[in-house]
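Please keep the structure in view while reading.

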Amino acid sequence: MPHKFLPWLAIASAMSAFTLQAQAMPDTELLIGSYTQGKSEGIYRFAFDSKTGMIDAKPLQVVKAENPSWLTVSRDQRYLFAVNENGPGQKDAVGKVSSFAIDPKTRQITPINQVQSRGEEPTHSSLSYDGRYLFVANYAVNPDPGGALTVVPVGKDGTLSEAVQVLPLGPGSKVNSERQMSSHVHLAVPTPDDKYVVTADLGADKLFVYHYDASQAKPLQPAKEPFVQLPGGSGPRHTLFSGDGKHAWLVLEMTAQVAVFDYHDGAFKST
């Protein structure tokens, strides 16, 4: 039976949390990211049996990487991308993004290359639907330089090139003096029509919208409606689109709410 990846599962936690034994041949593999300040070594591959819900306690593979806290798998499942959530005060203070090849037969993961994310604490990434660019959200705990959205080219062989665009966001809304004094970019995803990229700025209380044009040297430009203003102190974090691409849900972390929108051609209308 062919194996499947669950590419959206990237858990930053201690590996000791997984102690279940698989009792049947696995039909799915889990890729799990982690923070590596403690005992964790990086990216873990686990066998998972979707019929029994069991995860094998012994990883199929451990890929050493520094703070790979968010994982993105290409649509053809041949490549894996990880943000290395580094920043000031850590062993490696430079935020980075890494790419890996996935063997189509064995599912073994091997490193390809790594580039700087051009920001601090990169916390999220996603691929354009055409696979040409990786959009990276740099959270940035410190107000200087603050959060930024970075656009990294992706080669046909999965190789990452140096960033072609770095877009500072913000400024912070300052509604919450502890968490919103500057921009904190938490997410960057393409819209289902692949015409735009949206990024949630927890510090600014805004959802920024950029028009995407892969034919341009700088593929992102502010949309006609460049941002969606959220309630002060709400702290937008993650966005999910409906299967038909007509609706979007946005998690507001700091008020424990979900904002609901109708979506059409780069415009978000609150419902």
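**From one serine to the whole fold**

In this predicted model, Ser183 sits in the loop that connects β13 (165–168) with β14 (185–190). Its relative accessibility is 4%, below the 20% limit, and therefore Ser183 counts as buried. The side chain of Ser183 makes a polar contact of 2.6 Å with the side chain of Asp201. Setting aside residues up to four places away in sequence, Ser183 touches Tyr139, Ala140, Gly146, Gly147, Leu169, Gly170, Gly172 and Asp201.

Asp201 leads on to the strands. Its bridge partner in β16 is Lys206. Strand β15 (residues 196–201) and strand β16 (residues 206–212) are paired in the antiparallel sense, over six bridges. Both strands belong to an open sheet of four strands, ordered β14-β15-β16-β17 with antiparallel pairing. At the edges of this sheet are β14 and β17 (220–229), each of which pairs on one side only. On average, neighbouring strands of the sheet are turned by 20° against each other, with direction ignored.

The nonpolar cores come next. The largest nonpolar core has 18 residues, and those with the most contacts inside it are Val198, Leu207, Leu230, Phe241, Leu250, Phe261 and Phe268. At least two residues of this core come from each of β14, β15, β16, β17, β19 and β20.

Another pair of strands can be followed through β10. Six of the six residues of strand β10 (residues 122–127) are buried, so this strand is largely enclosed by the rest of the structure. Strand β10 is joined by five bridges to strand β11 (residues 133–138), and the two run antiparallel. Within this pairing, Leu127 stands opposite Leu134 in β11. The hairpin of β10 and β11 has five residues between the strands, and there Gly131 takes a positive phi near 75°.

Charged side chains provide a further set of links. How many salt bridges does a search of the whole structure find? The search finds six. One of the salt bridges joins the side chains of Glu29 and Arg45, with an N to O distance of 3.1 Å. Glu29 lies in strand β2 (residues 28–32) and Arg45 in strand β3 (residues 42–49), so this pair ties together parts that are 16 residues apart in sequence. Both Glu29 and Arg45 are buried.

Lys64 and Glu41 form another salt bridge, in which the closest N and O atoms are 3.9 Å apart. Lys64 belongs to strand β5 (residues 61–64) and Glu41 to the loop between β2 and β3, so placed that the pair links distant parts of the chain, 23 residues apart. Lys64 counts as exposed because its relative accessibility is 68%, whereas Glu41, at 37%, counts as partly exposed.

Arg237 forms a salt bridge with Glu253, and here the closest N and O atoms are 2.8 Å apart. Because Arg237 lies in strand β18 (residues 236–241) and Glu253 in the loop between β19 (247–252) and β20 (257–264), the pair ties together parts that are 16 residues apart in sequence. Arg237 has a relative accessibility of 31% and counts as partly exposed; Glu253 is likewise partly exposed, with a relative accessible area of 27%. Salt bridges with shared partners join Arg179, Arg237 and Glu253 into one network.

Finally, the backbone of several loops deserves attention. Asp144 and Pro145 are joined by a cis peptide bond with omega of about 20°, and Pro145 lies in the loop between β11 and β12 (148–153). A cis peptide bond with omega of about 0° joins Gly170 and Pro171. Pro171 is found in the loop between β13 and β14, the loop that also holds Ser183; Gly170 is among the residues that Ser183 touches.

Asn67 is not a glycine, yet has a positive phi of about 50°. This residue is found in the loop between β5 and β6 (68–73) and, at 1% relative accessibility, counts as buried. Arg107, also not a glycine, has a positive phi of about 70°. Arg107 is found in the loop between β8 (96–102) and β9 (109–116), and at 9% relative accessibility Arg107 counts as buried.

Definitions and conventions
Residues are numbered from 1 along each chain as its sequence is written. This is a predicted model: local features need pLDDT of at least 70, side-chain atom pairs count only at pLDDT 80 or more; totals for chains, interfaces and linings use all residues. Side-chain values use heavy atoms; hydrogens and water are left out. Buried means under 20% relative accessible area, exposed over 50%, partly exposed in between (1.4 Å probe, protein chains only). A polar contact is a pair of N or O atoms within 3.5 Å; within protein, one must be able to donate a hydrogen and the other to accept it, and residues adjacent in sequence count only if both atoms are side-chain atoms. Contact means heavy atoms within 4.5 Å. A salt bridge is a side-chain nitrogen of Lys or Arg within 4 Å of a carboxyl oxygen of Asp or Glu. Two strands pair if DSSP finds at least two bridges between them. Axes are lines fitted to C-alpha atoms, for helices over the stretch in contact, and angles run from 0 to 180 degrees between N-to-C directions. A nonpolar core is a set of buried Ala, Val, Leu, Ile, Met, Phe, Trp, Tyr and Cys residues joined through side-chain atoms within 4.5 Å.
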